[in-house]
Amino acid sequence: MRIQNLTLEKYFIKYNTYKTIMTKILGIMLITILFTFTSSYGAGKEIKTVTIKCTEMTCEGCKREITRSIKLLDGIDKIDVNLDTKIITVTFDDKKATETDLIKAIENAGYASEVVK
Ligand SMILES: [Cu+2]
């Protein structure tokens with residue numbers, strides 16, 4: 001009985017050590033995979049922020065329409081529409097969209113706008 005218990009205990013310690021090592025290995029592997037993925041994902045991106053003036057937008061409805069139209073474009077990261085200043089700030093992937101695309105998208109929503117330099 002006593003010997004059996006010892007064997008079991010030994011096995012349990014061995015199993016726990018094995019589990020700890022495996023957890024560590026898996027953790028390192030996961031971090032490596034995540035790191036590789038995020039760095040390769042970011043490599044093809046050219047993030048740019050552009051400021052656009054749109055004096056024609058006056059209310060929440062305009063804001064909604066403009067935002068919706070810009071969102072249809074590829075590579076859009078962030079859109080901020082300020083009704084008080086009439087400024088639209090867009091952060092986007094320069095490799096997927098251009099400033100002209102943004103102006104056109106706003107135009108499609110029914111508003112004239114221009115890039116603020
Ligand atoms: Cu409006």
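A residue is called buried if 20 or more other C-beta atoms lie within 10 Å of its own, exposed if 12 or fewer do, and partly exposed in between, with C-beta atoms placed from the backbone. By that count, L102, A105 and I106 of helix α3 are buried. This is a predicted model, in which local features need pLDDT of at least 70, side-chain atom pairs count only at pLDDT 80 or more, and totals for chains, interfaces and linings use all residues. Residues are numbered from 1 along each chain as its sequence is written.

**Chain overview**

- The chain has 3 helices and 4 strands. These are DSSP runs, numbered from the N terminus: H or I of at least four residues for helices, E of at least two for strands.
- Along the sequence, the pattern reads α-β-α-β-β-α-β.
- Of the 117 residues in the chain, 13% are buried.
- Among contacts with a separation of 6 or more, 64% join residues 24 or more positions apart. A contact means that two C-beta atoms, placed from the backbone, lie within 7 Å.

**Packing of α2 and α3**

- Helix α2 (residues 60-71) packs with helix α3 (residues 99-108) at an angle of about 135°, and their axes are 8 Å apart. Axes are lines fitted to C-alpha atoms over the stretch in contact, and angles run from 0 to 180 degrees between N-to-C directions.
- That angle makes α2 oblique to α3. Under 35 degrees counts as roughly parallel, over 145 as roughly antiparallel, 65 to 115 as roughly perpendicular, and the rest as oblique.
- On the α2 side, the contact is made by I66, S69 and I70; on the α3 side, by L102, A105, I106 and N108.
- These contact residues divide into 5 nonpolar, 2 polar and no charged. Ala, Val, Leu, Ile, Met, Phe, Trp, Tyr, Cys and Pro count as nonpolar, Asp, Glu, Lys and Arg as charged, and the others, Gly among them, as polar.

**The buried side of α3**

- L102, A105 and I106 are the buried residues in question. They cover an arc of only 95° around the axis, so they sit on the same side of α3. The arc is that of the directions from the helix axis to the C-beta atoms.
- The buried residues of α3 pack against β1 (47-53), α2 and β3 (87-93).

**N108 and the end of α3**

- N108 is found in α3. N108 counts as partly exposed because it has 14 C-beta neighbours inside 10 Å.
- N108 and S69 are 39 residues apart in sequence, yet 7.1 Å apart in space, C-alpha to C-alpha.
- G110 follows α3 and has a positive phi, near 110°.
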